[in-house]
Protein chains: 2
Amino acid sequence: MYLPEHFAETDPARIAHVIAAAPLACIVAQTETGLVANHIPLLTKPDGSLIGHIAKANEMHHLIHDGQEVLAIFTTADAYISPNYYPSKLDHHRHVPTWNYITVHVHGTIRFQHDRQAKHAAVGLLTRVHERRVNADTAWKMSDAPADYMAEMLENIVAFRITPTRIEAKSKLSQNREERDYDGAIRGLQEAGAETLARAMMERKQTER
Amino acid sequence: MYLPEHFAETDPARIAHVIAAAPLACIVAQTETGLVANHIPLLTKPDGSLIGHIAKANEMHHLIHDGQEVLAIFTTADAYISPNYYPSKLDHHRHVPTWNYITVHVHGTIRFQHDRQAKHAAVGLLTRVHERRVNADTAWKMSDAPADYMAEMLENIVAFRITPTRIEAKSKLSQNREERDYDGAIRGLQEAGAETLARAMMERKQTER
C-alpha cells in the first residue's frame, strides 16, 4: 500500500492491538476465477501466525492452493476529515479534505487444515477470546453444546493458518499536522460521531505525536 | 465470496446505501509485485461507476494497468455473535458462535485519469458529499482555498474510475434465525456496544425478515 513514512506504523504492540480490536479480516487472494475476498475473524497465535476457520461450503479452500500468497486486511476505524476542523485554516486556507484510518495488511502464505484437532483448536481459541470479551464470567464454551452437534459443526468447517511474510501497517491520523490542527481534527471527529477514530488520535497524542 | 442465498443482498438500494454509508473502499489488485491494497474513499456516479483519486506518489497507478480487474470492498459494521444471545439456547444448546457483518464487493475495471478536469471533478464531487454530511451550511468548498494551492494539490493526485463488472453483497445479519433469537442477537449487540450492527438488524426486521 501507499505508505508515507509519517503514517507508517511499526510498533508491534500497536499492530497487534489493531488485529485484536478488529479481528474480522478481509482475506483476499488472486485465483483462476479472479480476485476472491472473504471476511473471516482471525486470531494471532504466539508464534505470529494467524488462525481461523471457514465453512466447508466456502469455495475458498478449493480456489486457493496450499502455500499460496493471501492478504489479510484489518481496519479499526475511519472517517472523513474536513478542512474546517483545522483552526489554522482561518490563517491561510491552505488545506484540503482527507480521510483518516487505521489499517494492517498481513501478507502471508495460507495452509488449510482438515484434521479435527486443528479445527477444534481454531474454534476453541477464537471462542475463548470473544466470549471473554462479551460475556466474562458467563462465557459460552464449546462443551455447553451437545457432543453430536459439535462434531457435526466441526465436520462442516475447514481450519487454516496464515504464516505472515510481510506486514504493512498504516495509522493515518493527522500526525503530519501542527498540534492545534491535530486537536481540531479530534474535536471535529467527536462532533461528527466518529468516536473510535477520535479516541485513537487522543491515545496517539498521549504516547508520542 | 462465500454467499449462501439467505445472506445474499440483492436490493440495489441497500447495496447503494452500504457504499454511501461506508465510502472508504479497500481497493485490491493482483500485480507483478503481489497483491496490492489501498483504502480510498469512493463515490458512485449516476451511471454506476465508482470514482476516486489517489496521491500521484501512490504506486498503485503504475502497478495496476488501465483496464485491469480490481476489487473494491466496502464494509459498514461487524460484530461477534455469542450463542448466549439466543433465548432458544436454553432449550437445546444447539448453537455455535458466529460473526455478523455487512459487505459489498464491487469487481470492476479501473482506468486512471491524469487530466485536470477529471481530477477536479473527482475532488469536487467527493468534497460536496462529505462536507454536506459533516458541515451542512458551513461546508468547505474547493474555492475556499487559494487557486495556486488548489492547482498544486490537483497536480499531486491521479483520478480514476472503476466500471463495475460484477457486484456481490452480503448482509450476514442472523436472518436465518428464529425471531426470538434474532431479537436476542440485537439485544446482545446493544449490550456489547455494537450499535451500528444492531441498528442494521432492527431496520432489516422492520422492512422484511
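A crossing of two helices is left-handed if the near helix is turned anticlockwise from the far one by less than a right angle. In this predicted model, helix 6 of chain B crosses helix 7 of chain B in that left-handed sense. Helix 6 covers residues 179–191 and helix 7 covers residues 195–207 of chain B; their axes lie 8 Å apart, at an angle of about 155°. Angles over 145 degrees count as roughly antiparallel, so helix 6 of chain B is roughly antiparallel to helix 7 of chain B.

On the helix 6 side, the contact is formed by Tyr182(B), Ala185(B), Ile186(B), Leu189(B) and Gln190(B). Helix 7 of chain B contributes Glu195(B), Leu197(B), Ala198(B), Met201(B), Met202(B) and Lys205(B). By class, the residues of this contact are eight nonpolar, one polar and two charged.

Elsewhere in chain B, Thr76(B) sits in strand 5, which spans residues 69–81. Thr76(B) has 18 C-beta neighbours inside 10 Å and therefore counts as partly exposed. Leaving aside residues up to four places away in sequence, Thr76(B) touches Val18(B), Ala21(B), Ala22(B), Ile102(B) and Thr196(B). The C-alpha atom of Thr76(B) is 8.3 Å from that of Ile19(B), although 57 residues separate the two along the chain.

The remaining point is how the two chains are related. Chain A is superposed on chain B by a rotation of 180° with 0.0 Å of shift along the axis, at an RMSD of 0.0 Å. This is therefore the relation of a two-fold axis. Within chain A, Gln30(A) has the C-alpha nearest the axis, 3.2 Å from it. Both copies use the same surface, as 98% of the contact residues of chain A recur in chain B.

How values were computed: Residues are numbered from 1 along each chain as its sequence is written. Chains are lettered from A and ligands numbered from 1 in the order in which they are written. This is a predicted model: local features need pLDDT of at least 70, side-chain atom pairs count only at pLDDT 80 or more; totals for chains, interfaces and linings use all residues. Copies are superposed by least squares on the C-alpha atoms of residues with pLDDT of at least 70 in both. Two residues are in contact if their C-beta atoms, placed from the backbone, lie within 7 Å. Axes are lines fitted to C-alpha atoms, for helices over the stretch in contact, and angles run from 0 to 180 degrees between N-to-C directions. Helices (H or I, at least four residues) and strands (E, at least two) are DSSP runs, numbered from the N terminus. Angles under 35 degrees count as roughly parallel, over 145 as roughly antiparallel, 65 to 115 as roughly perpendicular and the rest as oblique. Ala, Val, Leu, Ile, Met, Phe, Trp, Tyr, Cys and Pro count as nonpolar, Asp, Glu, Lys and Arg as charged, and the others, Gly among them, as polar. A residue is buried if 20 or more other C-beta atoms lie within 10 Å of its own, exposed if 12 or fewer, and partly exposed in between; C-beta atoms are placed from the backbone.
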